[in-house]
Every structure is written in C-alpha cells, then in structure tokens.
Amino acid sequence: MQMTDGMPYSMERMPIAMAYVPWQHFARTYDLDQALQIGTIFPELNKSFTGRGGHC
C-alpha cells in the first residue's frame, strides 16, 4: 500500500469528519463526594460499562 506522510494514500482523499454533539442541559448534579466515586458530576453521564462496543 502506498503511503503519504505516514498515512495510506486512500485516506488522503477522505473528507474531514463532522461530529454532532447535542447541548447538555444542566438540570441537577451529584454532590462532590459522590461525583468523585462515580467519575462524573452529571447523572445523565453515569452510564454502566458493559464491556461490549456499540451497545448502550
């Protein structure tokens, strides 16, 4: 495979990615002691880790 600047040549032709990030609405937060244990101050971001990719 032909390389250009350390990347495969085919990647050079790909468009730059565009991300969609919804606005976060700050409704409530955890107290600081609980937030440090959980890893986030926002309850909406407290998601369980299942160890599998692509599943919510």
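**Surface, confidence and an aromatic pair in a predicted chain**

The chain exposes about 5,900 Å², of which carbon and sulfur atoms supply 59% (areas by the Shrake-Rupley method with a 1.4 Å probe; for residues, only the protein chains shown count as cover). The model is a predicted one, in which local features need a pLDDT of at least 70 and side-chain atom pairs count only at pLDDT 80 or more, whereas totals for chains, interfaces and linings use all residues. Residues are numbered from 1 along each chain as its sequence is written, and side-chain values use heavy atoms, with hydrogens and water left out.

The secondary structure comprises 2 helices and 2 strands, arranged β-β-α-α from the N terminus on (DSSP runs numbered from the N terminus, helices being H or I of at least four residues and strands E of at least two). The average pLDDT, the predictor's confidence in each residue on a scale from 0 to 100, is 78 for the chain, and 70% of the residues score at least 70. Confidence is lowest in strand β1 (residues 3-4), with a mean of 57, and highest in α2, with 96. Where pLDDT is low, the predicted coordinates should not be read in detail.

Of the 56 residues in the chain, 11% are buried (under 20% relative accessible area, with exposed meaning over 50% and partly exposed in between; 1.4 Å probe, protein chains only).

A search of the whole structure finds 1 aromatic pair. The rings of Phe26 and Phe42 have centres 5.3 Å apart and planes at 40 degrees, so the pair is tilted (ring centres of Phe, Tyr or the six-membered ring of Trp within 6.5 Å; planes under 30 degrees apart are stacked, over 60 edge-to-face and the rest tilted). The pair links distant parts of the chain, 16 residues apart, with Phe26 in the loop between α1 (9-12) and α2 (32-38) and Phe42 in the segment after α2. Phe26 is exposed, at a relative accessible area of 63%.

Thr40 is also found in the segment after α2 and, at 14% relative accessibility, counts as buried. Leaving aside neighbours within four places in sequence, Thr40 is in contact (heavy atoms within 4.5 Å) with Tyr30, Ala35, Leu45 and Asn46. A polar atom of the Thr40 side chain lies 3.2 Å from the backbone nitrogen of Phe42.

Terms used
A polar contact is a pair of N or O atoms within 3.5 Å; within protein, one must be able to donate a hydrogen and the other to accept it, and residues adjacent in sequence count only if both atoms are side-chain atoms.
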